[in-house]
Amino acid sequence: MALCGGIRADGGRCGAQATRDSEWCLGHDPDKADARRRRASKGGKRGGRGRPTTELARLRDRFEELADKVLAGEVERSDGAVAGQLLNGARACVRDGLAAREQEELIERLEVLEAGLDEQQQGRNGSGYAKF
Ligand SMILES: [Zn+2]
C-alpha cells in the first residue's frame, strides 16, 4: 500500500499509510478536507450570543438584579421567588443544551474515527496483509 505524499507542518513528507484507493492518509486526503474544515470551524461559530458561557453570564446578571430589587422592596418577595424559580429553569435549559451539544460533537468525532478505521481495515485486507 502507498505511503502518504502529503507534507507535514515541518515541511517533511508525511509517510503515513495512505488510505485505500488514495495517495494520501486520512489527514491529507483532499476529499476529506471539507469534513475537516467543517469540524475545525465549528468551534468558531460558537462565539457570541447563544454560547453557554454568555447565556450563563446573562442569567447571573438577572439573578443579581432580581435579588437587588427584592432587597430594595421594588419587587414583592413572592414575585421574586417565582421569577427566581423560572430563571433557574432557564439555567437548567442552558446546562442541558450544553451537555446535548457536547454529546453530538463526541458522536460525530467517533463516527469520523470509525470511518477511518474501516478504511484502514479494508486497505489492509485488500493488499493481502494479515488482519490483526
Ligand atoms: Zn499524510
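Guide: A word on terms comes before the tour: helices (H or I, at least four residues) and strands (E, at least two) are DSSP runs, numbered from the N terminus. This is a predicted model, in which local features need pLDDT of at least 70 and side-chain atom pairs count only at pLDDT 80 or more, while totals for chains, interfaces and linings use all residues. Residues are numbered from 1 along each chain as its sequence is written, and side-chain values use heavy atoms, with hydrogens and water left out.

Visitor: Which residues coordinate the zinc ion?
Guide: The zinc ion is held by C4 (SG), C14 (SG), C25 (SG) and H28 (ND1), at 2.0 to 2.3 Å. Donors here are N, O and S atoms within 2.8 Å of the metal (3.2 Å for Na, K and Ca); water is not among the atoms, so sites may look incomplete.

Visitor: And what is the spacing of the donors along the chain?
Guide: The donors follow the spacing C-x9-C-x10-C-x2-H. Both C4 and C14 lie in the segment before helix 1 (33-45), so the pair ties together parts that are ten residues apart in sequence.

Visitor: What geometry does the site of the zinc ion have?
Guide: The site is tetrahedral, with angles of 105 to 113 degrees among its four donor atoms. Four donors receive that label if all angles lie between 85 and 135 degrees.

Visitor: Is C4 buried or exposed?
Guide: C4 counts as buried because its relative accessibility is 0%. C14, at 18%, also counts as buried. Buried means under 20% relative accessible area, exposed over 50%, and partly exposed in between (1.4 Å probe, protein chains only).

Visitor: Changing topic, what span should helix 2 have?
Guide: Helix 2 comprises 21 residues (residues 52-72), which at 1.5 Å a residue should span 30 Å; the end C-alpha atoms are 30 Å apart, which agrees. The expected span is 1.5 Å times one less than the number of residues.

Visitor: Which residues of helix 2 are buried?
Guide: P52, E55, L59 and L66 are buried in helix 2. They cover an arc of only 65 degrees around the axis, which puts them on the same side of helix 2. That arc is taken from the directions from the helix axis to the C-beta atoms.

Visitor: What does the face turned away from that buried side carry?
Guide: That face of helix 2 carries the exposed residues T53, D68, L71 and A72.

Visitor: What follows helix 2?
Guide: Helix 2 is followed by G73, whose phi is positive, near 85 degrees.

Visitor: How many salt bridges does the structure hold?
Guide: The structure holds five salt bridges. A salt bridge is a side-chain nitrogen of Lys or Arg within 4 Å of a carboxyl oxygen of Asp or Glu. One of them joins K69 and E65, with the closest N and O atoms 3.3 Å apart. Both residues lie in helix 2, four residues apart, about one turn of the helix.

Visitor: How accessible is K69?
Guide: K69 has 31% relative accessibility, so K69 counts as partly exposed. E65, at 42%, counts as partly exposed too.

Visitor: Where does E119 lie?
Guide: E119 lies in helix 3 (residues 77-126). E119 is buried, with a relative accessible area of 19%.

Visitor: What is E119 in contact with?
Guide: Leaving aside neighbours within four places in sequence, E119 is in contact with T19, R20, L26 and K32. Contact means heavy atoms within 4.5 Å.

Notes
Tetrahedral: all angles 85-135°; square planar, octahedral: opposite > 155°, others 65-115°.
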